[in-house]
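Here are a few notes to read alongside the model.

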Amino acid sequence: MRILQLHCDSIEYTPTKKEIKSAEEIEPKKTRIEEVVVCFTAIEEDDDSSVAKNAIIDIQKSMKQIGCNKLLLYPYAHLSSNLASPGTGLKILKEMQESSTGIEITHAPFGWTKAFSIQVKGHPLAESSKVFSKDSTKEKTSTALESESKIKSYWYIMTPDGKMEEIEKFNFSNHKQLEILAKYESAKKRSVDEPPPHVNLMKKLAIADYEPASDSGNMRFYPNGRLIKSQIEQYVTDKIRDYGGIEVETPIMYDSHHPSMESYFNRFPARQYSIDSEGKHLFLRFAACFGQFLMASDFQLSYKNLPYKLYELTRYSFRREQSGELVGLRRLRAFTMPDCHAFCKDMSQAIDEFRKRFDLSREVLSGLGIEENDYEMGIRFTESFYNENKELIKQMVSKVGKPVLVEMWKEKFFYFVLKWEFNFIDNLGKASALSTDQIDVENGKRYGITFTDEKNERQHPIILHNSPSGAVERVIYALLEKFAKQVKDGKRPQFPLWLAPTQVRLIPLKDDFLEFASNLADKLTEQNIRVDIDDRNDTIGKRIRDAEKEWINYVLVIGEKEINSPSLSVRDRTTGDVRQLSTENFVKEIQDATKGKPVSKLNSAILLSQRPQIMV
RNA sequence: GCCUCGAUAGCUCAGCCUGGUAGAGCGAACGCCUCGUAAGCGUUAGGUCGCGAGAUCGAAUCUCGCUCGAGGCUCCA
């Protein structure tokens, strides 16, 4: 709230014209007041009753000082560029008027254009300006964020045979990773004094980097990173569409005063980015839920259409995580999230679908190169859901084939009754969720999503929220952390061939062989193989070393021998050996290794001499 | 948000403790070399030492403030 306070001999104002629809209903007549303090007042966004009270107390104090007993509150928008909505403005103005004591107080009409003339006294205390804001600098937190810390959870380990053991009594000696997850989630543990290894790798492999000109947690992706990310995005999208997901695209920002948003806000514990635009208070989505639910609520759904699966790959979702929580590609403020919702007619259908998505998620992770022993499962449910669906839960745990972490809530705190996630455990013992799915029993109603059932009655669907891979950036993080671990164990890490930015590098020994190499490159490119040519004027050893540093799987030196022979000399990075292969067999080997995965063209100049160095 | 640490060439870093003309390697440009499976050689260019103040004859170096970044904590439904 901003106030310009003037001690006046007199003020005279005349309302001339309504400025806004919600202007006060008054008789526009000339008003004159003598010996008065006039407060030109702008009520700003975030002002509330406490601000009104503080302001009036402060004004009364100064009025006492100058010995004046008459106050005119004069709504004056021009003091601020961050005004509250007219409704709030008027409400707070009235609150100020009502909470005053022992003075004569009036206000000039709100929402009117007014003409005024004023005579200000000339003493030192006659003019002052004041700014009031909420006393606490405390951030607005959603009720979900606040209640999160109050949740009462019971922690168990469930073994593949379906037995639940209290976490304190479980013998973790053969389940070190699960122990880390359990300790990580249920208690707090451990201080690490080094940056996670993937941060260095993401720079050295020219995948991604921090962007100092943006907000923290908003990364830049270099050509290599863009290609890898794009391949993962395409793969996950293909898998979800095979499963039956229907891809859509929805806006990334929403009006926080939209009725469906306001209540969801309070059920989803995330901090948001806000954008003010033309009086609207917008926020950047922190999930794809909004868009898909709003869309689905406009669809005319029959039980015959269900389960109906909507899918969106959000580039991006935004969560304003606390600055200290951000780490490399593990935790970001802007991230790409495949999000697939299934609208189901009843719990039985939801559970059937839930099973399918569980299998889908395991398959997707495996296709990405993240295997079962790379992650640990966590499963969370309400006590009542567990009692009614023990078989489902036991079957899922048995499928994983190893003990899983269980969190059980006495009552429903969130909008879901069951949730599971696969957690990747990194080199520093940090757990982060990849795939996840939830059974949501609230949002169908909240968003007014309905379908017509067999009896021609309107019902709200149960909604599943699945991300079969988790955030794409986080998948890259998991892969890089896995690679770092392999390096530590003395192994040579390797991107799955379908993710490698360059799959084949040709090294012509001399310029004379460049043409041959180009022709070969064209041939391989036609077969959807990503091939480039190191035509730089460096020794053969140097160029092979550079290819090694880029983790390129196949290196082919092109010299006299190759030109005069039908076979290629293929240096295979996994072994370091050179093999003689015909072009056909070489192509086949690559196509077999990348079968069923998306293809993408090289995302850099084919000649290395034409590429800038990305020094990171 | 709290604590700790950091900021010097395009990149990685040395120099700072103990104040006195700004250093290396990599990379880049140019030239030599035309090479057979993890680093060939030479020359050159490239810096407002994050910003601001203080003390000093003199500051990359000491002191204070600020900005930005990173890690940890908290957090991660």
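**Notes on the model**

1. Strands here (E, at least two residues) and helices (H or I, at least four) are DSSP runs numbered from the N terminus.

2. Please keep in mind that this is a predicted model, where local features need pLDDT of at least 70 and side-chain atom pairs count only at pLDDT 80 or more, while totals for chains, interfaces and linings use all residues. Residues are numbered from 1 along each chain as its sequence is written, chains are lettered from A and ligands numbered from 1 in the order written, and side-chain values use heavy atoms, without hydrogens and water.

3. Another cis peptide bond runs from Leu 306 to Pro 307, with omega near 0°. Pro 307 belongs to the loop between strand E15 (301-302) and strand E16 (308-318).

4. E16 is also one of the 10 strands of an open sheet with mixed pairing, ordered E8-E7-E19-E18-E20-E21-E24-E17-E16-E11. Strands E8 (164-166) and E11 (246-247) are at the edges with a single partner strand each, so one side of each has no neighbour in the sheet. Two strands pair if DSSP finds at least two bridges between them.

5. Within that sheet, E18 (residues 375-382) and E19 (residues 404-409) run parallel and are joined by five bridges. Ile 379 faces Val 406 in E19.

6. Glu 35, in strand E2 (residues 31-42), is not a glycine, yet has a positive phi of about 50°.
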